[in-house]
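Thanks for coming, everyone. I'll take a few minutes to walk you through one structure. Please have the viewer open.

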Amino acid sequence: MSHSAPASVLLAEDDGALRTVITLELKRLGLAVTAVPGGKEALAAMAAQAFDLVITDLKMPVVDGFQVLEVARKRIPEAQVIVVTGHGSVDSAVRAMKSGAFDYIQKPVDPETLSMVVNKALERLRLLREVEHLRAQVRGRFDPGNIVLVSNAMRRILELVQKVGVTDAAVLIQGESGTGKELVARAVHAAGSRRNHPFVAVNCGALPEGLLESELFGHARGSFTGAVANKRGLFEEARDGTLFLDEIGEMTPALQVKLLRALQTGEIRRVGENRTVKINARILAATNKDLKKGMADGSFRDDLYYRLNVFPITIPPLRERPEDIMPLAERFLKTAKEKHGGKAVRFSPEAAQALCSHAWPGNVRELEHAVERAVILAPEGEVRAEDLPPEVRPPSGADSKRSLGDMEREHILMTLDACAGNQVEAAKRLGIARNTLWRKLKDYGVPAKK
Ligand SMILES: Nc1ncnc2c1ncn2[C@@H]1O[C@H](COP(=O)(O)OP(=O)(O)OP(=O)(O)O)[C@@H](O)[C@H]1O
Ligand SMILES: [Mg+2]
């Protein structure tokens, strides 16, 4: 909130002197204050404006603080409500908290307590908004409604997703890196009756065996050093929902045995505990490895494979479904514009040509990143071929048409890429001052980084 407009607060207090004191303190805290002498006026103010914070006295004639609280919860559910109670009326404070008030302050109002409670409420609001923002981003990225499908291959996959979605069968999603395995997994989850329950994803390649085991199955307190409390595992977290075992091909043989047992018996046991817990999670798994090869060389158990692979879905690499390239690129152009405020609205014919002829070893994810980068670089109107990453561009003689400025920009950005975005290092390699680099990057519209 510190970068935008000051937080707005509605204060309803019938005692004029107290209203003045609280108003001054709130202004001192940098808030935009609307102070009203009663509940009726508070309701009118809320009808006209969505406040971040509502502070209301509980005992007021005609319309009291409980009614203000109730309307605030309905009308501006995000707003945090703080109630002011008379001395010794803790029970009404408790009642207000039960009805959704964030906190209460007792009269006589001590400015320090007031500022502490207000800051706590604002912090909570900030976190709520941040979480909501992040959720919306994740939702957008993995919203099945956002899946681009033009090729027959992708359409068939989506049909399959709808069919399997309503069953409880295990699905194994295979495909090269970046083909959209997680997206498809989330779509399977969203297509079935478990959609309103958790989708829990775990990357089996990211954790060492012991940790992954306790993540999946949970553990009892004291079962190993560092197990300071009982912990539910992801199987339990995914109760009534879906457990997505990503990178299943990376799972060690020992853990494969334990996973197989869990799937066979429908029960798990937390590490260090004897009690068993029934599992009720749908299992989806994904891999970019060839599990058949894994079975042949003994690194993947075939009994586990058959259990996970009731329904196989194989997503073809992007180079085998070129019809999807431009529709995906258009989609990513739109989202990147919204995210970075870029000015380009379309791809130049040369850029489109380059996109369509590239082999995309990193598949859809590589395309997504290439477009995002191009949107940042493209001056306006069109994304040009030279805005695309060098490996995507055709190695044509078009270089002679490019200006010195373009070439300099490209060289600088490639160097920066090669230094993993480290500007100090890049400046050193380029042989220019850090300030010069920074200024140029600013001209190119590259977001500032340390
Ligand atoms: N058909 C599609 N339509 C829209 N976006 C897609 C499509 N396929 C993939 N994406 C996007 O591409 C990115 C990569 O997809 P995802 O993470 O699902 O791939 P993955 O196969 O799980 O990759 P990895 O093997 O690297 O984990 C995501 O941002 C996803 O939203
Ligand atoms: Mg993935």
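Start with K289. Is K289 buried or exposed, or something in between? The relative accessibility is 40%, so K289 counts as partly exposed. Keep in mind that this is a predicted model. Now look at the partner. K289 and E250 meet through their side chains in a salt bridge, 3.6 Å from N to O. Where do the two sit? K289 is in the loop between β13 (282–287) and α11 (291–296). E250 is in the loop between β10 (242–246) and α10 (253–265). The pair therefore ties together parts that are 39 residues apart in sequence. E250 is partly exposed too, at a relative accessible area of 39%.

Next pair. R270 forms a salt bridge with E236. The closest N and O atoms are 3.1 Å apart. R270 lies in the loop between β11 (267–269) and β12 (276–278), and E236 lies in helix α9 (residues 234–237), so this bridge ties together parts that are 34 residues apart in sequence. Are these two buried or exposed? Both R270 and E236 are buried. There is also a network here. Salt bridges with shared partners join E236, R270, E273 and R275.

How many salt bridges are there by this rule? The count comes to 30. One of them pairs D168 with R194, at 2.9 Å from N to O. D168 sits in the loop between α6 (152–165) and β6 (171–175). R194 sits in the loop between α7 (181–191) and β7 (199–203). So that pair ties together parts 26 residues apart in sequence. R194 has 12% relative accessibility, so it counts as buried. As a general point, side chains of opposite charge can pair when their charged atoms come close.

Stay with α6 and α7. Two packed helices are described by the angle between their axes and the distance between the axes. For α6 and α7, the angle is about 40° and the axes are 7 Å apart. That is why α6 and α7 are oblique to each other. Their crossing is right-handed. Which residues make the contact? On α6, they are I157, V161, Q162 and G165. On α7, they are V184, A187, V188 and A191.

Now the sheet. Five strands form an open sheet, in the order β2-β1-β3-β4-β5, with parallel pairing. At the edges are β2 (32–36) and β5 (103–106), each pairing on one side only. From one strand to the next, the twist averages 20°. Zoom in on β1, residues 8–12. Five bridges join β1 to β2, and the two run parallel. Take L10 as an example: its bridge partner in β2 is T34.

Last stop: helix α8, residues 209–217. Which residues of α8 are buried? They are L212, E213, S214, L216 and F217.

Methods:
Residues are numbered from 1 along each chain as its sequence is written. Chains are lettered from A and ligands numbered from 1 in the order in which they are written. This is a predicted model: local features need pLDDT of at least 70, side-chain atom pairs count only at pLDDT 80 or more; totals for chains, interfaces and linings use all residues. Side-chain values use heavy atoms; hydrogens and water are left out. Two strands pair if DSSP finds at least two bridges between them. Helices (H or I, at least four residues) and strands (E, at least two) are DSSP runs, numbered from the N terminus. Axes are lines fitted to C-alpha atoms, for helices over the stretch in contact, and angles run from 0 to 180 degrees between N-to-C directions. Buried means under 20% relative accessible area, exposed over 50%, partly exposed in between (1.4 Å probe, protein chains only). A salt bridge is a side-chain nitrogen of Lys or Arg within 4 Å of a carboxyl oxygen of Asp or Glu. Angles under 35 degrees count as roughly parallel, over 145 as roughly antiparallel, 65 to 115 as roughly perpendicular and the rest as oblique. A crossing is left-handed if the near helix is turned anticlockwise from the far one by less than a right angle, and right-handed if clockwise. Contact means heavy atoms within 4.5 Å.
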